[in-house]
Amino acid sequence: MLSSRMENLRPYVPGEQPHDREYIKLNANENPYPPCPAAVERALEQVKSAPQRLALYSDPDSLALREKIAAMLNSTGGVLSRARIDGGEVLPCEAEGLGITSEMIYAGNGSDEVLSFLFYAFFDSAEKLVSPEFSYSFYPVYCGFHSIEMEKVPLLNDWQIDVDEMILRAKKFHAPTIIANPNAPTSLCLSRKQVRRMLEECPRDMAFVVDEAYVDFGGESCLPLLREFENLVIVRTFSKSLCAAGMRLGYLVANPKMVRAVLTVKNSVNHFPIDSFAQNFGSAVCENIPYYIECAKKIVFEREDFSEFLRARGFFVLPSSTNFLFAKKEGHSGKAMYESLKKEGILVRHFDTEGIEDFLRITVGTKEQMAALKRAMEKMDF
Ligand SMILES: *Cc1c(COP(=O)(O)O)cnc(C)c1O
């Protein structure tokens with residue numbers, strides 16, 4: 001009864017979303033802050049003032065939303081925690097204009113959906129796909145789904161992506177590449193210069209995907225490289241820095257030719273992908289960016305404070321450019337620490353995967369949440 005394709009499926013296991021009790025949730029890299037109240041108000045008002053719109057299909061092309069996303073990227077320079085607010089005006093993290101247009105954007109239901117479509121559009125089951133050994137665990141899942149063989153490149157001793165080896169393998173197999181930058185679950189980022197070197201040396205006729213889910217917390221965006229590299233595809237999400245994981249909004253930025261390929265996939269699967277409420281809400285989010293810049297800055301502040309706390313307690317903590325910390329402590333198993341924190345009502349993420357099983361991945365929450373976590377760790381003495 002089942003198709004043979006089912007044999008290749010190894011579904012992704014997300015961070016728990018338990019309902020049995022109220023936990024402090026630091027396990028799925030969600031933003032601890034609510035969306036901007038003005039954005040919520042605006043989207044609700046649009047429904048109330050014209051409810052009949054919900055009886056109609058949504059805009060299949062999400063044009064207004066894509067225009068707002070382009071304007072948001074151009075005004076901020078692509079990294080919220082580095083952008084500045086001056087008298088209400090948003091000043092970009094880099095002076096140079098990015099020149100992003102709506103034709104360079106494809107928007108979908110969360111970046112996971114966008115990723116799934118671009119796997120379909122750009123990666124072939126006859127080829128390999130080069131990716132770091134430890135990266136976003138959805139990539140191998142999609143590889144299974146699309147029957148693509150993943151060429152896993154081990155990380156360096158300092159847990160950083162091995163740029164040279166990634167290049168060697170992409171050349172050797174004439175293969176496309178996917179990285180998350182900053183990477184998950186390591187929290188480390190490559191500089192734009194390092195990514196540019198990969199783009200220069202990897203096959204130019206193969207897609208090179210950079211997943212920038214966490215870039216707003218301190219990474220360097222590769223958006224300025226889009227002008228030079230037609231094979232570059234940058235994936236971004238509203239789920240982390242834009243406080244809207246439940247809204248399911250994600251997008252990619254690339255050369256219009258690449259965007260059209262993804263549109264072809266979308267129009268062969270589900271041509272009204274984003275519902276009208278989510279489109280309106282996403283547009284309102286993009287118009288309230290100063291709020292999100294403040295949230296990103298608060299998270300970066302708490303992250304640095306909490307890494308100091310962990311280091312002072314003898315933890316090994318990777319220097320994070322994200323909204324989470326990847327840390328371990330000699331003599332303590334990751335699983336045991338995860339379990340005792342859960343008993344204290346705090347959820348963090350632990351992976352059973354060999355090689356990273358000692359680590360905890362801890363999402364950075366509010367000051368109050370981090371204070372509760374500190375107290376729990378002091379109480380349990382780890
Ligand atoms: C969270 C995350 C995503 C998924 O985001 P959604 O937009 O919620 O689907 C994609 N890539 C990475 C690396 C992530 O951490």
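Which helix gives the most to the lining of the second largest pocket? That's α8, with five residues. Keep in mind that this is a predicted model.

**Around the ligand**
- Look for Gly110, Ser111, Asp112, Tyr136, Asp211, Ala213, Tyr214, Thr237, Ser239, Lys240 and Arg248, which surround the ligand.
- Sorted by class, this shell has three nonpolar, four polar and four charged residues.
- Helix α3 (residues 110-122) provides the largest share of the shell, three residues.

- Ser111 uses its backbone here: one of its N or O atoms lies 2.6 Å from a ligand oxygen.
- Thr237 and Lys240 use their side chains, with an N or O atom 2.5 Å from a ligand oxygen for Thr237 and 2.9 Å for Lys240.
- On its own the ligand would expose 380 Å², and the protein buries 93% of that.

**The largest pocket**
- Its volume is about 1000 Å³.
- It's lined by 45 residues, and Tyr12, Val13, Tyr136, Ser137 and Arg349 are the closest to its centre.
- The top contributor to this lining is α4 (138-145), with four residues.
- The lining splits into 20 nonpolar, 14 polar and eleven charged residues.

**The second largest pocket**
- This one has a volume of about 250 Å³.
- Of its 16 lining residues, Arg53, Ser58, Asp59, Ser276 and Asn280 are the closest to the centre.

Note on methods: Residues are numbered from 1 along each chain as its sequence is written. This is a predicted model: local features need pLDDT of at least 70, side-chain atom pairs count only at pLDDT 80 or more; totals for chains, interfaces and linings use all residues. Side-chain values use heavy atoms; hydrogens and water are left out. A residue is near a molecule or strand if one of its heavy atoms lies within 4 Å of it. A polar contact is a pair of N or O atoms within 3.5 Å; within protein, one must be able to donate a hydrogen and the other to accept it, and residues adjacent in sequence count only if both atoms are side-chain atoms. Accessible areas come from the Shrake-Rupley method with a 1.4 Å probe; for residues, only the protein chains shown count as cover. Helices (H or I, at least four residues) and strands (E, at least two) are DSSP runs, numbered from the N terminus. Ala, Val, Leu, Ile, Met, Phe, Trp, Tyr, Cys and Pro count as nonpolar, Asp, Glu, Lys and Arg as charged, and the others, Gly among them, as polar. On a 1 Å grid over the protein atoms alone, a cavity is a set of points where a 1.4 Å probe fits but cannot get out, and a pocket is an open set with protein on both sides within 12 Å along at least five of seven lines; lining residues have an atom within 4 Å of a point. Grid points are joined across faces, edges and corners, and a volume is the space filled by probe spheres set on the points.
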